[in-house]
Amino acid sequence: MERHLDRLPDLHADVLDSMPNDTGGGGGTPVSGTKPPRLPVNLEAAEVAGQIEHDIRYWVNLVAETRGLNGPVRPSVTDRCVWLSGHVAWLSASDHAAEVKAVLAELVGRAFRVISPMRRPIQLGPHPGCDGTLRATVTDADGRHPAQIWCDGCTLEVGTKDWWSFGVVYGKAAAEDSRELASSTSTASA
Ligand SMILES: [Zn+2]
């Protein structure tokens with residue numbers, strides 16, 4: 001949950017970047033308010049951006065109302081995500097935990113699908129001993145998103161300097177897992 005909230009503001013910015021529109025030289029990011037972007041070229045990106053904005057606003061409102069709190073002062077996706085991050089413990093313990101988790105994972109997944117292929121994570125496979133899927137984000141040179149291996153089901157994050165050692169451990173664990181699964185599934189690795 002926390003990781004997704006941490007990731008979403010940048011992803012949202014990337015989705016907006018992937019959505020060339022005709023706002024011209026006005027400056028300022030068009031995140032405020034509910035006005036949909038005008039005639040974006042990439043309609044899917046526009047939809048994903050809108051979905052992120054909508055869902056994050058929804059969860060902020062829900063938490064704020066349920067807990068009798070004020071939401072973030074500025075209504076940007078970034079501020080809302082930061083604000084929500086402060087309530088992860090509460091959300092995790094609430095009836096909404098599973099739904100929030102699923103929604104955030106879906107938003108992250110959808111965002112990755114519409115942004116630059118360079119920034120899309122590579123799916124590595126199941127994380128042994130965890131329900132999650134391991135992915136590697138390999139980025140271009142802008143440095144906004146460091147390359148890392150991460151798991152969508154737990155808090156694992158592996159920086160590039162540890163990829164090699166992680167790969168060795170992962171290979172062993174995956175081999176054990178696949179021996180257990182060998183009877184039920186046969187995956188052809190091309
Ligand atoms: Zn995991």
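Helices (H or I, at least four residues) and strands (E, at least two) are DSSP runs, numbered from the N terminus. By that count, the protein here has 6 helices and 4 strands, and C130 turns up in the loop between β1 and β2. This is a predicted model, so local features need pLDDT of at least 70 and side-chain atom pairs count only at pLDDT 80 or more, while totals for chains, interfaces and linings use all residues. Residues are numbered from 1 along each chain as its sequence is written.

**Overall layout**

- Reading from the N terminus, the elements go α-α-α-α-α-β-β-β-β-α.
- Buried residues come to 23% of the 190 residues in the protein. Here, a residue is buried if 20 or more other C-beta atoms lie within 10 Å of its own, exposed if 12 or fewer, and partly exposed in between, with C-beta atoms placed from the backbone.
- Take the contacts between residues at least 6 apart in sequence: 51% of them join residues at least 24 apart. Two residues are in contact if their C-beta atoms, placed from the backbone, lie within 7 Å.

**The nonpolar core**

- A nonpolar core means a set of buried Ala, Val, Leu, Ile, Met, Phe, Trp, Tyr and Cys residues joined through C-beta atoms within 7 Å.
- The largest one has 28 residues, and those with the most contacts inside it are L8, V15, A49, I52, I56, L84 and A111.
- At least two residues of this core come from each of α1, α2, α3 (77-85) and α5. The biggest giver is α2, with 9 residues.
- L84 is in contact with L5, I56, W59, V60 and V63, once its neighbours within four places in sequence are left aside.
- As general background, nonpolar side chains in soluble globular proteins tend to be buried together.

**Helix α5**

- Helix α5 covers residues 97-114, and its 18 residues should span 26 Å at 1.5 Å a residue; the end C-alpha atoms are 26 Å apart, so the two agree. The expected span of a helix is 1.5 Å times one less than its number of residues.
- Its buried residues are V100, L104, L107, V108, A111, F112 and V114.
- Those buried residues of α5 pack against α1 (2-17), α2 (43-67), α4 (88-93) and β1 (121-126).

**The sheet**

- The 4 strands make an open sheet in the order β1-β2-β3-β4, with antiparallel pairing. β1 and β4 sit at the edges with a single partner strand each, so one side of each has no neighbour in the sheet.
- Neighbouring strands of this sheet are turned by 20 degrees against each other on average, direction ignored. For that angle, axes are lines fitted to C-alpha atoms (for helices, over the stretch in contact), and angles run from 0 to 180 degrees between N-to-C directions.
- Two strands pair if DSSP finds at least two bridges between them.
- β1 and β2 run antiparallel and are joined by 5 bridges. In β2, A136 is the bridge partner of I122, and L134 stands opposite G125.
- β2 (residues 133-137) and β3 (residues 148-151) pair in the antiparallel sense over 4 bridges, with R135 opposite W150 in β3.
- β3 also runs antiparallel to β4 (residues 157-159), joined to that strand by 3 bridges. W150 stands opposite E157 in β4.

- β3 and β4 form a hairpin with 5 residues between them.
- The hairpin of β1 and β2 has 6 residues between the strands, and G129 takes a positive phi near 80 degrees there.
- C130 counts as partly exposed because it has 14 C-beta neighbours inside 10 Å. Leaving aside neighbours within four places in sequence, C130 is in contact with C151, G153 and C154.
- C130 and G153 are 23 residues apart in sequence, but 6.9 Å apart in space, C-alpha to C-alpha.
- G132 is in the loop between β1 and β2, and is partly exposed, with 16 other C-beta atoms within 10 Å.
- Beyond its neighbours within four places in sequence, G132 is in contact with H127, C151, D152, G153 and C154. The C-alpha atoms of G132 and W150 are separated by 9.6 Å, with the two residues 18 apart along the chain.
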